[in-house]
Amino acid sequence: MENKPQTILVGLWNPQPKYINTRHNIGADILFSYGQKNNLKINLDNSGQFQFGKFEISDQEIMLVIPMTSMNNSGQGLKAFLIDKNIKDYNLLVIHDDIDLAFGRFRIKKGSSDGGHNGIKSVDSALGNKDYWRLKIGVGRPPTSKDPADYVLSKFNNDQIEEVEFIIEDSMEIIDLFFKDLEFAIKKASERRIIDVV
């Protein structure tokens, strides 16, 4: 029986309740919404190290993984999943926040620098390489008076909250495109921006 191509989607976050709706959690927030959109139940593994769900689309097996480790140890949760499911050949897309992108901008990149993102550093370390795709979600730079670490652990501003819903909607469309037409997904992601309301 021929194995279907396997794609793993990973959303990064801090699972502790105090970090709900923070900028750093946008990756996991997107995947939870994507799971709901596809009527997918995402269950906590018995190990407690990851949540997991899967479905098929376009003759591919799609696996959603939410590490239950802290952001800085995201790679441990992903590695536990790969070992538990004995998965060795796969296509990986990690979804995460990026302060070097303006709020609302997207980028799909492969093999790029971690940019100081501790979750990505952890994934790089766990996998032993950077050879995987990332969907970067721009959350903007913090004010000069604010530490970047505190900034990403804070909630979106009130005037950004409505746009966050559109960011999640648009990112789910990009994820669907990622399976069907990678080049088009990259193009659409790079073109995404918000229009400032004056």
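Modeller: The buried residues of helix 3 are covered by parts that include helix 2 (74-84), strand 5 (91-98) and strand 7 (133-138). Contact here means heavy atoms within 4.5 Å, and helices (H or I, at least four residues) and strands (E, at least two) are DSSP runs numbered from the N terminus. The model is predicted: local features need pLDDT of at least 70, side-chain atom pairs count only at pLDDT 80 or more, and totals for chains, interfaces and linings use all residues. Residues are numbered from 1 along each chain as its sequence is written, and side-chain values use heavy atoms, with hydrogens and water left out.

Biologist: How many of the ten residues of helix 3 are buried?

Modeller: Buried means under 20% relative accessible area, exposed over 50%, and partly exposed in between (1.4 Å probe, protein chains only). Seven of the ten residues of helix 3 (residues 118-127) are buried, so by this definition the helix is mostly covered. These are G119, I120, S122, V123, D124, A126 and L127. Just after helix 3, G128 has a positive phi of about 80°.

Biologist: At what angle do helix 5 and helix 6 pack?

Modeller: Axes are lines fitted to C-alpha atoms, for helices over the stretch in contact, and angles run from 0 to 180 degrees between N-to-C directions. Angles under 35 degrees count as roughly parallel, over 145 as roughly antiparallel, 65 to 115 as roughly perpendicular and the rest as oblique. Helix 5 (residues 161-180) and helix 6 (residues 182-191) pack at about 155°, with axes 6 Å apart; the two helices are therefore roughly antiparallel. Helix 5 contributes I174, L177, F178 and K180 to the contact, and helix 6 contributes L182, F184, A185, K188 and A189.

Biologist: How many aromatic pairs are there?

Modeller: Rings of Phe, Tyr and Trp (its six-membered ring) pair if their centres lie within 6.5 Å; planes under 30 degrees apart count as stacked, over 60 as edge-to-face and the rest as tilted. By this rule there are seven aromatic pairs. One of them, W13 with F32, is edge-to-face, at 5.3 Å centre to centre and 70° between the planes. W13 lies in the loop between strand 1 (6-11) and helix 1 (26-37) and F32 in helix 1, so the pair ties together parts 19 residues apart in sequence. W13 is buried at 12% relative accessible area, whereas F32, at 25%, is partly exposed.
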